Structures are given as structure tokens and as C-alpha cells.
Amino acid sequence: GNVIANLDLQDGAIRSAVFPARMVRAMAGLLRPLFLPLAMLAVLLSLVATDVWLVVRHGAGALAPDVLFEPGSLLIVVGLTLAAAVFHELGHATACHYGGARPGVIGVGIYLLWPVFYNDLNDSYRLPRRARLRADLGGVYFNAVFIVGLAGAYWVTGFGPLLLAIVVQHLAIAQ
């Protein structure tokens, strides 16, 4: 349905489901192999290699000025940040699914002026502690996957704003 027509105004918050639970579970099933130990090791090693390369080759501070003077590039970085936020929630859902629970909807709400995304992980509370921890950290891990994907896209295209998007993803992880 229409997102606007399905707004939930409970407790004064504005939020709406964007991806129904069935779709979230299907996507989580497809991405489930990312939580296999060898896949996780490959992603984390690629993340470290990307960060070393980024700092040694470019220096994080040198990236922002180019994008700030190009409004179109700045919009691309904002769009990638929003896409990464949805992917982050899909990481929670995938980790929940990997542990044996059923993730719920992924939705969006408004926090002050910025959209925020959420995933219903109520079923993860029945999982053992290790699987709950995986579900909690699954979003951060998917931010790492996103960073590795951005680095790959940069290496193929040479498109500079992708480098700033990597830095922004690190800030999102730190947050």
C-alpha cells in the first residue's frame, strides 16, 4: 500500500512499514550466506584493507571539499547514506533469520527532520544470547559490507563521492 496512507501516529511518532515481513524474510534468506564464518572473515579483511588504502592513498579529510562544491555529488552521498540505513536494518533482519528467528517489517519514521529506519526483531528475543548479539550487531556488519561494496564501486568507476560515502558509513558505525 501507499506509505502515506499507512502512517502510524501512535505515541506522537510518525512511522510506516516500508517492506512487509514476508519480503524482509525473503531478502534475509538471500543474504543469509553473508553470515557464514568465511564470508564474514572475507568482509572484515576487505574492510581493513579498504580503510588502510583509503587513509594511505587519499586521507579522509581531503575527500569532503570536492563533494561540498558539487551539489549533485552531495545528493548522491545523501542517497547512498539512506540506502545504507535500509541495508543496515536488513543486516539486523538477516542476522535474526540466520539465528533461526523470524524478522518482521522494515519501516521508516521521522526523527526531528531526518528519516530513520527500523526493523521489528521481536522474535529474536527467544534466541540464545549469541544469536541475539549477532542480530544486534548485524546492522553494523552490513554497514561494513556496504563499505566494501562502495570501495569496489569506486575501484571500478573512480567516482570520488563514493569515497566520502565510505567515510560517512564509518561515522554511522561510530554513532
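**Figure 1. Confidence along the predicted chain.** The protein chain averages a pLDDT of 87, and 87% of the residues score at least 70; pLDDT is the predictor's confidence in each residue, from 0 to 100. This is a predicted model, in which local features need pLDDT of at least 70 and side-chain atom pairs count only at pLDDT 80 or more, whereas totals for chains, interfaces and linings use all residues. Residues are numbered from 1 along each chain as its sequence is written, and side-chain values use heavy atoms, with hydrogens and water left out. Contact means heavy atoms within 4.5 Å.

**Figure 2. Elements and surface of the chain.** Six helices and three strands make up the elements of the protein chain, in the order β-α-α-α-α-β-β-α-α along the sequence. Helices (H or I, at least four residues) and strands (E, at least two) are DSSP runs, numbered from the N terminus. Of the 175 residues, 34% count as buried; buried means under 20% relative accessible area, exposed over 50%, and partly exposed in between (1.4 Å probe, protein chains only). The accessible surface comes to about 10,100 Å², with 68% belonging to carbon and sulfur atoms. Areas come from the Shrake-Rupley method with a 1.4 Å probe, and for residues only the protein chains shown count as cover. Among contacts between residues at least 6 apart in sequence, 72% join residues at least 24 apart.

**Figure 3. The largest nonpolar core.** This core has 34 residues, and those with the most contacts inside it are L80, F87, Y141, F146, L150 and I166. At least two core residues come from each of α2 (37-57), α4 (71-99), α5 (129-157) and α6 (161-174). Helix α5 supplies the largest share, 11 residues. A nonpolar core is a set of buried Ala, Val, Leu, Ile, Met, Phe, Trp, Tyr and Cys residues joined through side-chain atoms within 4.5 Å. Leaving aside neighbours within four places in sequence, F87 is in contact with L31, F142, V145 and F146.

Figure 4. V43, L47, T50 and L54 of α2 are buried. Seen down the helix axis, the buried residues of α2 fall within an arc of 70°, so they line one face; the arc is that of the directions from the helix axis to the C-beta atoms. Cover for these buried residues includes α5 and α6. The face turned away from the buried side carries the exposed residues P37, L38, L45 and V56.

**Figure 5. T81 and the end of helix α4.** T81 is found in α4. Not counting residues up to four places away in sequence, T81 touches W114, V168 and Q169. The C-alpha atoms of T81 and V168 are separated by 7.4 Å, although the two residues are 87 apart along the chain. Just after α4, G100 takes a positive phi of about 110°.

**Figure 6. I110 in strand β2.** I110 lies in β2 (residues 106-111) and is partly exposed, with a relative accessible area of 47%. Residues up to four places away in sequence aside, I110 touches I14 and P115. The C-alpha atoms of I110 and S16, 94 residues apart along the chain, are separated by 9.5 Å.
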